Amino acid sequence: MVNFVCICFQLVYLLLVLAFFSHITWAVKGNSLCKQTGMGEIRPHSVTITEFGAVGDGVTLNTKAFQNAIFYLNSFADKGGAKLFVPAGRWLTGSFDLISHLTLWLDKDAVILGSMNSDDWPVVDPLPSYGRGRELPGGRHRSLIYGRNLTDVIITGDNGTIDGQGSVWWHWFRSKTLNYTRPHLVELMNSTGVVISNLTFLNSPFWTIHPVYCRTIKSKSTLFF
């Protein structure tokens, strides 16, 4: 009798354990958002920024390298997307555009540096909701990392850094020598399914991360103003 009771108890315990784990599995599979924009998503295609001539010496301007790499990776947008890897180094660049189904990944010792030349930050139209530049009439400088009408974008890494070197912009702003509104560090417009994580953002020329007219944005990073 005792053995029978023990067996019954063990069967009940086993069924409870199976029910618990089957519930967890169902919950994970049912979370399509995590499936689409998870930080650990594996892209089937990957390149390193150095493959496009970038030099991480903090002096060489790498805008063309970023633009060319992303232009190349756009060919994989309908094939599972792609990853642009930025290794250790100090990568000076002007503004560049992101694409859909892209992971921008920074190594732990990688630093993307914003150019201190305003010509490397193109002037674009003001946001429709403002009708003019936020600080001055007319246009505005485009953000260092920019994207519009995108889906499934991940900006992440192993605690790398994106440094806007914004002190020169703040000097121009305070001395009232700007012709256009200052740029943000990151701006995404009309986009969805965006994850920003595991990075440090600092020294922005204006606002640090500026999602506008977007849906489904997840951000977990360190910001320094």
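**Group meeting: contacts, core and charges in a predicted model**

I'll start with one residue. Setting aside neighbours within four places in sequence, Thr-161 is in contact with Leu-106, Ala-110, Val-111, Ile-112, Thr-200 and Leu-202. Thr-161 lies in strand S12, residues 160-163. Its relative accessible area is 16%, and the cut-off for buried is under 20%, so Thr-161 counts as buried. Please keep in mind that this is a predicted model.

Now the overall picture. The protein has four helices and 16 strands. It has 225 residues, and 42% of them count as buried. Of the contacts with a separation of 6 or more, 65% are between residues 24 or more positions apart.

Next, the core. The largest nonpolar core has 38 residues, and Leu-98, Ile-155 and Ile-162 have the most contacts inside it. Several elements supply at least two residues each, among them H3, H4, strand S11 (151-157) and strand S14 (192-202). Which element gives the largest share of this core? That is H3, with five residues.

Take Ile-155 from that list. Beyond four places in sequence, Ile-155 is in contact with Leu-98 and Ile-162, and also with Leu-104, Ile-145, Val-186, Val-195, Ile-196, Ser-197 and Leu-199.

On to the aromatics. The count comes to seven aromatic pairs. In one of them, the ring centres of Phe-52 and Tyr-72 are 5.8 Å apart and the planes are at 50°, so the pair is tilted. This pair links distant parts of the chain: Phe-52 is in the loop between strand S1 (45-48) and strand S2 (57-61), while Tyr-72 is in helix H3 (residues 63-73), 20 residues apart. Both are partly exposed, Phe-52 at 24% relative accessibility and Tyr-72 at 39%. Phe-52 and Tyr-72 also belong to one aromatic cluster with Phe-76.

A further pair is Trp-169 with Trp-172, which is edge-to-face, at 5.1 Å centre to centre and 75° between the planes. These two tryptophans are three residues apart in helix H4 (residues 167-174), so about one helical turn separates them. Buried or partly exposed: which is Trp-169? Trp-169 is buried, at 0% relative accessibility, whereas Trp-172 is partly exposed at 21%.

Last, the salt bridges. The structure holds four.

- Asp-78 pairs with Lys-79, with the closest N and O atoms 3.2 Å apart. Asp-78 is exposed, at 64% relative accessibility, and Lys-79 is partly exposed, at 47%.
- Asp-97 pairs with Arg-142, with a closest N and O distance of 2.9 Å. Asp-97 is in strand S5 (residues 96-97) and Arg-142 is in the loop between strand S9 (140-141) and strand S10 (145-148), 45 residues apart. Asp-97 is partly exposed at 33%, and Arg-142 is buried at 14%.
- Arg-140 pairs with Glu-187, with the closest N and O atoms 3.0 Å apart. Arg-140 lies in strand S9 and Glu-187 in strand S13, so this bridge ties together parts 47 residues apart in sequence. Arg-140 is buried at 7%, and Glu-187 is buried at 0%.

Technical notes
Residues numbered from 1 in each chain as written. Predicted model: local features only at pLDDT ≥ 70, side-chain atom pairs only at ≥ 80, totals over all residues. Heavy atoms only, no water. Buried < 20%, exposed > 50% of the residue type's maximum accessible area, 1.4 Å probe, protein only. Contact = heavy atoms within 4.5 Å. Phe/Tyr/Trp six-rings, centres within 6.5 Å; stacked < 30°, edge-to-face > 60°. Core = buried A, V, L, I, M, F, W, Y, C linked by side-chain atoms within 4.5 Å. Salt bridge = Lys/Arg side-chain N within 4 Å of Asp/Glu carboxyl O.
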